[in-house]
Amino acid sequence: MMFKYDENNKYHRFGKTCMIIFLSLIMFVEIWWLLSIAANTNVFPTPAETFDAFIEFFENGYSHQSAWSIIWSSLSLFIEGFLLALVIAVPLGLFLGYSKMLNTFVTPMIEVLRPIAPIAWAPVFIYGINYSVGPILVVFIGIFFPLLTNVIFGVKKIDQNLIDASRTLGASKTQQFTKVMVPSAVPYLMNGVKVGLGVGWMCIVAAEMYSPVSIGVGYCLQSMCQNSLWPSVFAILVVIAILGIMTTSVAEYSQKAIAKRMGME
Amino acid sequence: MSDETSQTISNIKEGEEFIVIDGIRKVYRKDEQETVAIDRIDLKINKGELVSIVGPSGCGKTTILRMIAGLLEPTEGTITIAGKQCTEPGPDRGMVFQDFALFPWRSVRRNVEFGLEVNGVPKEERRERAEKYIELVGLGDFKNAKIHELSGGMKQRVGIARAMVNHPDVILMDEPFGALDAQTRNIMQAQLSNILEKTEQTVIFITHSVDEALFLSDRVVILSKRPSTIKEIIEVPWPRPRDRSAPEFTAQRKKILEELEKENVMFTK
């Protein structure tokens, strides 16, 4: 029997998308391979050499550390930085969105700090404060600004009618804030989390290059470069990409799930 | 209808003078510019009455309602309800919004419970009272539904249940059926008329539709164009349910439409 593609069948649509993604990745590896052969240098290994180094990394680890402990070392710093940003940026964003005066007062300070690339803080925090706290603070800076901006925006964008409705139903100022403003800012908050996680993950890799105590992916990358272990370097780049995709996917999925649950798709 | 659902907060008897709007004037100021939205409104509304306010668009109907709700302050004049001057929103006045203004993250039941929740009613009682009103507006099967799953007419029935569950003395309705299609609108009007027949609640109803005003109200207040004043107040003595095709109904509708037409001509000139 001939297979016939049906646009209205969700499994068919899903299959089609998977096929396209698969072909895209095949094409990517193919181009990489060709470029690598054309370049003909040790610095740019082929996908096959990278794959071997990737397997080798997971079998033997690097610098007396297992691959999983290296990955976990980076992830734990990342999670700590993220939680710190969440705890500070969310309440601050809610208040800044709520009070116009406070917002006008704090905005200049934020605008002065925002253009500084989070990575620029890495040497300052790591050499200036502490090798173990420094990278966390760099991640914190990376996640903090997108999160803060989105939460402020979320509170400001609130439908005034919902506030009026809650007032006519007898909600106090505090209740208007907790029961109307906060929930209606949640989808924006999740958007901030999504953007922030992407930036944060870039920060951790960069920050670790400065930190002599954290044996994470950033450290491995730098050390391998210094020792000219180019296939391993590319294997680590693949690890970084996979972890980055996983973080953003989790964020994207939870954003959609929460928006759906709150009826605000 | 049980006794409990028809309770209201004040102890003024039906038919007694209840809401007094005295010399209301509303001026919007922005920088040096002044816009007089409402020139002068005096109106007395009795307990249990249903009064509609109609007028040309932009005449400040909604402004009047929002001042009664306590969401806006009049520039001059006072509004008293049951002898108490109203300056801020209170549980004695419930409001129904044109665009429903329901909380999308709450289910139907939790939307209706909102007023009880913020006023500290215990959970069990809250649920029981909310469900009673959800039944009353005919949404019993949808009490756990999300707001985006409902049609426009169903959404507004949630809005009505949410306003009524607090047992307010007054229900303020701001073009509640304005966003609905004509057929749903007629059904909603008949149902609202039915629900209100059984309660002591006083209703102030803003509408664009003269037909709707005549179908529902005890009195119709016609406003002039901006800056608004009351142009005429028409008593509607006919028993309910009313027949839209009755000769006196169509005659009265024609008369009011002609009045409004004059305002609109002047307004657009």
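This is a friendly dialogue on how to read some features of a predicted model.

Colleague: What is the strand order in the open sheet of chain B?

Modeller: Strands (E, at least two residues) and helices (H or I, at least four) are DSSP runs, numbered from the N terminus. Two strands pair if DSSP finds at least two bridges between them. In chain B, an open sheet of 10 strands has the order S5-S4-S1-S2-S10-S9-S3-S8-S7-S6, with mixed pairing. Its edge strands are S5 (84-85) and S6 (93-96) of chain B, and each pairs on one side only.

Colleague: Which helix of chain B packs on the sheet at S6 and S7?

Modeller: That is helix H5 (residues 152-164) of chain B, which touches S6 and S7 of chain B. Axes are lines fitted to C-alpha atoms, for helices over the stretch in contact, and angles run from 0 to 180 degrees between N-to-C directions. The direction of H5 of chain B makes about 175° with that of S6(B). As for the strands, S6(B) pairs with strand S7 (residues 170-174) of chain B in the parallel sense over 4 bridges, and B:Val96 stands opposite B:Met173 in S7(B).

Colleague: Why is strand S3 of chain B described as largely enclosed?

Modeller: We count C-beta atoms, placed from the backbone: a residue is buried if 20 or more others lie within 10 Å of its own, exposed if 12 or fewer, and partly exposed in between. Strand S3 (residues 50-54) of chain B is largely enclosed by the rest of the structure because 5 of its 5 residues are buried. Both faces are covered, with B:Leu50, B:Ser52 and B:Val54 on one side and B:Val51 and B:Ile53 on the other.

Colleague: Which strands pair with S3(B)?

Modeller: S3(B) pairs in the parallel sense with S8(B) over 4 bridges, and B:Ser52 stands opposite B:Phe205 in S8(B). S3(B) also pairs in the parallel sense with strand S9 (residues 219-223) of chain B over 4 bridges, where B:Val54 has B:Ile222 as its bridge partner.

Colleague: Is B:Val203 buried or exposed?

Modeller: B:Val203 is buried, because 22 other C-beta atoms lie within 10 Å. B:Val203 is found in strand S8 (residues 202-206) of chain B. For contacts, the C-beta atoms of two residues, placed from the backbone, must lie within 7 Å. Leaving aside neighbours within four places in sequence, B:Val203 is in contact with B:Leu50, B:Ile171, B:Met173 and B:Leu196.

Colleague: Where do the buried residues of helix H9 of chain A pack?

Modeller: They pack against helix H3 (67-98), helix H8 (173-208) and helix H10 (230-261) of chain A. In H9 (residues 217-226) of chain A, the buried residues include A:Val217, A:Tyr219 and A:Met224. H9(A) is followed by A:Ser228, whose phi is positive, near 55°.

Colleague: How many residues does each chain give to the contact between chains A and B?

Modeller: Chain B gives 22 residues and chain A gives 15. On the side of chain B that touches chain A, the elements that give two or more residues are S6 and helix H3 (108-118) of chain B. Next come the classes: Ala, Val, Leu, Ile, Met, Phe, Trp, Tyr, Cys and Pro count as nonpolar, Asp, Glu, Lys and Arg as charged, and the others, Gly among them, as polar. By that scheme, this side of chain B has 13 nonpolar, 6 polar and 3 charged residues.

Methods. Residues numbered from 1 in each chain as written. Chains lettered and ligands numbered in written order. Predicted model: local features only at pLDDT ≥ 70, side-chain atom pairs only at ≥ 80, totals over all residues.
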